Amino acid sequence: MNTYILLLRGINVGKANRLPMATLKTVLENLGAQQVRTLLNSGNAIFALPADVAGTTASDDAACDLIADQIAAALLRDTGLDLHCIVKTAAGIRAAAAELDPAVFTGQTEPDPSQLLIGFSRNKQTLTQFEAAASVLPATTSKLQISTTALHLYCTDGINQCPMADLLVSKKWRAITCRNLATLQKIIALL
């Protein structure tokens, strides 16, 4: 069995894209997922798949993309929601969380984990394109770094006051989904 994490973007925010977590769990189970657990109401799911279902010959990234495509198709078919799905391995999620020391990145010994965003995409090129787009925004004290596996954004004045966070939520960057460090730590605790 391999453990995977599903990260959906833009569900259950306001009245758009309503997706009960029980429905998400059922969709995943109908695709063969086992031990499905959801976290919060924002499209986080941890699940296991037998290696033969995920494709043992595929690289981790290729297997994750294949699984994400299958989930997106099932969600569209079963719920009518056209969602961008990102699937990561447990090792991939842990690596993204471990790549940056929050205290070093933020300059604070105990940064607010709700202000530190970790962004995921299917490919690093999307993350570097976002970095280029963010570089032309007015200067702020917020910090952005693209690591080997994720985008790290520390919103020093809070997420709602961060121009880079505003840019991230635009439809142009639909291929990136973020979780704050507090949520990512909860996901890791469930692995």
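Predicted model: local features only at pLDDT ≥ 70, side-chain atom pairs only at ≥ 80, totals over all residues.
Residues count from 1 along each chain as its sequence is written. Local features here need pLDDT of at least 70, side-chain atom pairs count only at pLDDT 80 or more, totals for chains, interfaces and linings use all residues, and side-chain values use heavy atoms, without hydrogens or water.

**Stop 1: β3.** Select residues 44-49, strand β3 (strands are DSSP E runs of at least two residues, helices H or I runs of at least four, numbered from the N terminus). Six of its six residues are buried, so β3 is largely enclosed by the rest of the structure; buried means under 20% relative accessible area with a 1.4 Å probe, protein chains only. Asn-44, Ile-46 and Ala-48 point one way, while Ala-45, Phe-47 and Leu-49 point the other.

**Stop 2: its partners.** Asn-2 has Leu-49 as its bridge partner. Next comes β2, residues 34-39, antiparallel to β3 with four bridges; Thr-38 stands opposite Ala-45. In the hairpin of β2 and β3, look for Leu-40 with its positive phi near 60°.

**Stop 3: the open sheet.** Now show β6-β7-β5-β8, four antiparallel strands in that order. β6 (143-146) and β8 (177-180) are the edges, each with a single partner strand, so one side of each lacks a neighbour in the sheet. Inside, Leu-117 of β5 faces Leu-153 of β7.

**Stop 4: α6.** Select 124-134: helix α6 lies across β5, β6 and β7, at about 150° to β6 (contact is heavy atoms within 4.5 Å; axes are lines fitted to C-alpha atoms, for helices over the stretch in contact, with angles from 0 to 180 degrees between N-to-C directions).

**Stop 5: α8.** Finish on 181-190, where α8 lies across β5 and β8, at about 85° to β8.

Technical notes:
Buried < 20%, exposed > 50% of the residue type's maximum accessible area, 1.4 Å probe, protein only. Pairing = 2+ DSSP bridges.
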